[in-house]
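Good morning, and thank you for coming. I would like to take you through one metal site and its surroundings.

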Amino acid sequence: MSELHSSLQLPVLDLTQPIHSSVLSSLSQACKEWGFFYVTNHGISKEMFSRIYSLSRHVFSVPLDSKLKLGPFSYTPRYIASPYFESLVVSGPDFSGSAKASADVLFQDHDKPELRETLQEYGDKMAELSKRLVEILLMMTLGEETGKRFYQNEFSNCHGYLRLVNYTPPQDVEKQEELVEGLGMHTDMSCITIVYQDSVGGLQMRSKEGKWIDINPCEDQLVVNIGDLMQAWSNGRLRSSEHRVVLRKLANRVSLAFFLCFEDEKVILAPQEIVGEGNFRRYKSFKCSEYLKFRQSNEVGKFERIGYTVKDFAGLKLPQPDDP
Ligand SMILES: O=C(O)CCC(=O)C(=O)O
Ligand SMILES: [Fe+2]
């Protein structure tokens, strides 16, 4: 495939401004076409990001043998997702408890109150922000009243987790002719994902035509993308795009992704209001945990199966014009 890439002007949702219909229509267009947009004035300070950034660097600087003691469910070492990717999961809603359990292993019981407190504060803010964004997306798709109703009835048990990611490029990254993938093409198994990326850049989204498009880092803006669970729930009206991370510079890259997900037992079925009169259902109903299982390899410690999406799992064949 051609490695040509271009960048794109994605809409920026400003949460301090009233959400006019023109904002909703460009947001709606972006969610349908790209599945990505930016959010600004989101209430998370620069100072908070710089604290999180230093804490992440600190966490990943711990010797590998200590990080491996965390176990494969919280720590993904290099050479699993890619040779350059390692990550730590901090689960919500008790981000502090999850961070403490990891800190106790990493720092041999030297208490790290700053780590616990910062991750709890950041996790809480991300949970709140992600829920507000889902409510906006539902009102945009279904109208204010119906959107609010579905938000309350179907999304109130959503939960979130954080993934801190550290990318270490190879020494010769700037001389390589082949593109270096820090994280291969995948879709997210979330309702929505909110990503903070540092200034190194490298996040790319794949268009419907298969073209890679840079999602550049912008100060004060977070990247939001639609995940597979929302794509299925919205009958494909909101798109979960394939994306990846490419490494071009000899610099470590840190990112923080927050994934808002349905509860495991949730049965996902697009409501009739979303499918619409005379339209076809694109996904059969499925239990959230079954999809997560489908994406996980049987081998413990393997990264999520890359290249498989909710379409492979629950996609229905649409009737063709010449079907009886
Ligand atoms: O590192 C990034 O910018 C994105 C990470 C990502 O796509 C993921 O963790 O699902
Ligand atoms: Fe992702």
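The side chain of Thr187 makes a polar contact with the side chain of Asp228, at 2.9 Å. Please keep in mind that this is a predicted model. Thr187 sits in the loop between β7 and β8. Is Thr187 buried or exposed? With a relative accessibility of 3%, Thr187 counts as buried, because buried means under 20% relative accessible area. Leaving aside residues up to four places away in sequence, Thr187 touches several others, including Ser240, Ser241, Glu242, His243, Tyr291 and Arg295.

Which residues are the protein donors of the iron ion, ligand 2? They are His186 and His243, each through NE2, and Asp188 through OD, at 2.1 to 2.2 Å from the iron ion. Along the sequence, the spacing of these donor residues is H-x1-D-x54-H. Asp188 lies in the loop between β7 (180-186) and β8 (192-197), while His243 belongs to strand β12 (residues 243-247), so this pair ties together parts that are 55 residues apart in sequence. Asp188 is buried, at 5% relative accessibility, and His243 is buried with a relative accessible area of 5%.

Let us finish with the wider region. An unreviewed UniProt entry annotates residues 158-262 as "domain: Fe2OG dioxygenase". In the model, this span is 47% strand and 6% helix, and its end C-alpha atoms lie 5 Å apart. Thank you for your attention.

How values were computed: Residues are numbered from 1 along each chain as its sequence is written. Chains are lettered from A and ligands numbered from 1 in the order in which they are written. This is a predicted model: local features need pLDDT of at least 70, side-chain atom pairs count only at pLDDT 80 or more; totals for chains, interfaces and linings use all residues. Side-chain values use heavy atoms; hydrogens and water are left out. Donors are N, O and S atoms within 2.8 Å of the metal (3.2 Å for Na, K and Ca); water is not among the atoms, so sites may look incomplete. Helices (H or I, at least four residues) and strands (E, at least two) are DSSP runs, numbered from the N terminus. Buried means under 20% relative accessible area, exposed over 50%, partly exposed in between (1.4 Å probe, protein chains only). UniProt positions are given in the numbering used here, feature names are shortened, and annotations may be inferred rather than shown by experiment. A polar contact is a pair of N or O atoms within 3.5 Å; within protein, one must be able to donate a hydrogen and the other to accept it, and residues adjacent in sequence count only if both atoms are side-chain atoms. Contact means heavy atoms within 4.5 Å.
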